[in-house]
Amino acid sequence: LMAGLHVSDTERLRRTASRSARYLVVAVGVPITLCCAAGGEIMRLLFGAAFADTGHLLAILSFTVLLSATGTVILNLLIAVHREAALFRVTLVFAVIGTILAWLGIRFYGATGAAIAVVATSSAAQLALATMPQTGEYARPALYAGFRAALAVCAGAAAGVALSDHPFVASAVALSVYALMLVVLGVANRDEWEFVRMLFAAARGGNRG
């Protein structure tokens with residue numbers, strides 16, 4: 001779709017990429033808030049009681065999912081508009097930077113430092129793509145589109161962390177805060193709900209056909 005729109009309708013291409021980034025961030029917000037609210041409990045259920053103390057690592061690394069949401073859109077968008085060379089250079093540079101930061105993080109802060117280094121490197125790479133002349137005109141709209149949804153994710157995650165000693169209560173509160181912030185920040189508005197409804201209606205019509 002993106003490759004076709006690049007040829008026929010550049011403005012629609014940007015709108016499609018922006019909407020995709022926003023919806024992906026909204027979707028991944030749910031598991032991120034749960035990981036921040038009940039990371040220890042999730043790790044205990046998955047791997048046993050010995051891993052319960054690593055919940056904070058799961059909470060930190062869950063934000064790589066948010067970055068993957070915007071990153072997936074930016075990656076495919078830049079390939080569609082033939083900016084592969086610039087994308088490769090940024091990927092290569094930040095692979096080296098990430099390795100160095102991870103080594104320093106492990107040296108001084110152990111696994112927590114490594115987790116922070118991963119999130120920081122991914123964030124910096126996307127910001128670099130948004131500011132570079134070759135890629136900025138495409139990467140910026142996608143990042144900006146997901147910004148308000150990302151703020152809602154951060155608000156829900158913060159509420160979860162604040163109550164993380166009570167994982168089930170924290171999960172309920174975190175998800176409630178997340179949903180409320182989506183509405184307050186205008187991410188989940190009437191136009192968006194109507195668009196989603198049209199998509200589902202079109203999908204049902206296609207399946208019947």
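Predicted model: local features only at pLDDT ≥ 70, side-chain atom pairs only at ≥ 80, totals over all residues.
Visitor: How much space lies in the second largest pocket, and which residues are the closest to its centre?

Guide: The space in the second largest pocket comes to about 310 Å³. Of the 17 residues that line this pocket, those closest to its centre are Gly 71, Ser 122, Ala 125, Gln 126 and Leu 129.

Visitor: Is Gln 126 buried or exposed?

Guide: Gln 126 lies in helix H5, which spans residues 84-131. The cut-off for buried is under 20% relative accessible area, and because Gln 126 has 8% relative accessibility, it counts as buried.

Visitor: Which backbone oxygen does the side chain of Gln 126 reach?

Guide: Leaving aside neighbours within four places in sequence, Gln 126 is in contact with Leu 67, Thr 70, Gly 71, Ile 74 and Leu 143. At 2.7 Å, the side chain of Gln 126 reaches the backbone oxygen of Leu 67.

Visitor: What classes of residue make up the lining of the largest pocket?

Guide: The largest pocket holds about 370 Å³ of space, and of its 17 lining residues the closest to its centre are Leu 66, Leu 67, Leu 143, Phe 147 and Ala 150. Helix H4 (63-80), H5, helix H6 (136-145) and helix H7 (147-162) each supply at least two residues of that lining. By class, the lining of the largest pocket has 12 nonpolar, 4 polar and 1 charged residues.

Definitions and conventions. Residues numbered from 1 in each chain as written. Heavy atoms only, no water. Helix = DSSP H or I, 4+ residues; strand = E, 2+ residues; numbered from the N terminus. Buried < 20%, exposed > 50% of the residue type's maximum accessible area, 1.4 Å probe, protein only. Polar contact = N/O pair within 3.5 Å; in protein donor to acceptor, adjacent residues only side chain to side chain. Contact = heavy atoms within 4.5 Å. 1 Å grid on protein atoms, 1.4 Å probe; cavity = no way out; pocket = protein on both sides within 12 Å on 5 of 7 lines; lining within 4 Å. Points joined across faces, edges and corners; volume = space filled by probe spheres on them. Nonpolar A, V, L, I, M, F, W, Y, C, P; charged D, E, K, R; others polar.
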